[in-house]
Amino acid sequence: MQTAATESGIPVALAQCRDYQGETLEQAVGALLEAVGCRPARGARILVKPNLLAATPPDFLPCTHPLVVRAVCRYLLDFGAEVRVGDSPSFGKGADIARKIGLTEALADLPVPLVELDKPIRVRLSFKGGRAGISRRAMDNDLILNLPKLKVHRMLRLTGAVKNFFGCVTGIRKALLHVVYGSWGTRFERMLLDLQDHLPPSFSLLDAVTAMHVGGPVHGQPFQLGLLGASRSPVALDAAVFSLLGLTAGEVATWQEARRRGLPGAEVSDLRYPLEPPQAFDAQCFEIPRELDPVGFHPIRLARSSFRHLKAKFF
């Protein structure tokens, strides 16, 4: 896993951003990426990886905001990078969700194609017999700019940068991994952390201007946190933001697994904040579920979900 450890700690840049309006947002994105050392070489092939989970109206809250994606693309294009935007929802196509939430329109004037993260390559995981199918389109880049949305999750309690790499697993294979590994101890969270070992180097920029709380990962409520955060280390970015929300590693499976492995950034004491400190953000009313659903999907549940999706799409 790629990290950015230094003698003075792993940098996690936090910035206040009250809304998604143009110039203010672009300035914040630029300051964050500069602060964590994201300065790509001319001609670098970069995948911008938002969260395109579901187009849920009226505010499309489960997805990374289109203007955050646009601001990141403009920043990278200014360095002369070759930029593409892509994700792989569990059901359906990322391009359909991108069109519905306004992302296609937001990128229309930029030389940035939307790509589907398909064409899986099987990779080995860290536990015996573990396999996952990662998109060749995700692996075939010099850099990934990971753009998660901060939201609560009924199975994992809270998700951010680490979980967003799960979108590099192609299509319905994500749901199948819930079936295969979700009921086997810590294999699911181990798998989530393993994915980054097979992907190109990355930076993560978290959209928490309007986060999702109370419910999730799809049907939640908006919370105006007014935060954008960035780091080279997804583990460090999650640890910083999750602790800001009042959680400990023992309450979030991916964070707890990162600590068990001794990954840099899993300890809050390892972090430094080159821009805003965590205390600059008010998260007192952010509601996090205490009771969680099982991570494992029953095969019948998966079949029913697939049928509902197909019915909604074609009938």
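Let me start with Arg 70, which sits in helix 2 and, leaving aside its neighbours within four places in sequence, is in contact with Glu 26, Ala 106, Leu 107, Asp 109 and Leu 110. Because its relative accessibility is 16%, and anything under 20% is taken as buried, Arg 70 counts as buried. I should say at once that what we are looking at is a predicted model, so a word on confidence belongs here.

The protein chain averages a pLDDT of 91, and 92% of the residues score at least 70. Where pLDDT is low, the predicted coordinates should not be read in detail.

Let me move on to Thr 64, which is placed in the loop between strand 3, residues 45-50, and helix 2, residues 66-77. Is Thr 64 buried or exposed? With a relative accessible area of 1%, Thr 64 is buried. Its side chain has a polar atom 2.9 Å from the backbone nitrogen of Asn 51, and the side chain of Thr 64 also reaches the backbone oxygen of Leu 147, at 2.6 Å. If we set aside residues up to four places away in sequence, the residues that Thr 64 touches include Pro 50, Val 69, Ile 101, Pro 148, Lys 149 and Asp 207.

Another loop residue is Val 12, found between strand 1, residues 10-11, and strand 2, residues 13-16. Val 12 counts as buried, at 0% relative accessibility. Which residues does Val 12 touch, not counting those up to four places away in sequence? They are Ala 230, Ser 231, Ala 236, Leu 237, Ala 240, Leu 271, Arg 272, Tyr 273 and Pro 274. For Ala 240 we also have a separation, since Val 12 and Ala 240 are 228 residues apart in sequence and 7.4 Å apart in space, C-alpha to C-alpha.

Pro 277 gives us a further pairing of this kind, being in the loop between strand 13, residues 271-272, and helix 11, residues 299-314.

Finally, I would like to turn to helix packing. Two packed helices are described by the angle between their axes and the distance between the axes. Helix 7, residues 173-181, packs with helix 8 at an angle of about 140°, their axes lying 9 Å apart, and the two helices are therefore oblique to each other. Leu 177, His 178 and Tyr 181 of helix 7 make this contact with Arg 187, Phe 188 and Met 191 of helix 8, a group that divides into 4 nonpolar, 1 polar and 1 charged.

Helix 8, residues 187-194, also packs with helix 10, residues 253-261, at an angle of about 70° and with the axes 9 Å apart, which makes helix 8 roughly perpendicular to helix 10. Among the residues making that contact are Glu 189, Arg 190 and Asp 194 of helix 8, together with Glu 257, Arg 260 and Arg 261 of helix 10. The residues of this contact divide into 4 nonpolar, 1 polar and 6 charged.

Conventions. Residues are numbered from 1 along each chain as its sequence is written. This is a predicted model: local features need pLDDT of at least 70, side-chain atom pairs count only at pLDDT 80 or more; totals for chains, interfaces and linings use all residues. Side-chain values use heavy atoms; hydrogens and water are left out. Axes are lines fitted to C-alpha atoms, for helices over the stretch in contact, and angles run from 0 to 180 degrees between N-to-C directions. Helices (H or I, at least four residues) and strands (E, at least two) are DSSP runs, numbered from the N terminus. Angles under 35 degrees count as roughly parallel, over 145 as roughly antiparallel, 65 to 115 as roughly perpendicular and the rest as oblique. Contact means heavy atoms within 4.5 Å. Ala, Val, Leu, Ile, Met, Phe, Trp, Tyr, Cys and Pro count as nonpolar, Asp, Glu, Lys and Arg as charged, and the others, Gly among them, as polar. pLDDT is the predictor's confidence in each residue, from 0 to 100. Buried means under 20% relative accessible area, exposed over 50%, partly exposed in between (1.4 Å probe, protein chains only). A polar contact is a pair of N or O atoms within 3.5 Å; within protein, one must be able to donate a hydrogen and the other to accept it, and residues adjacent in sequence count only if both atoms are side-chain atoms.
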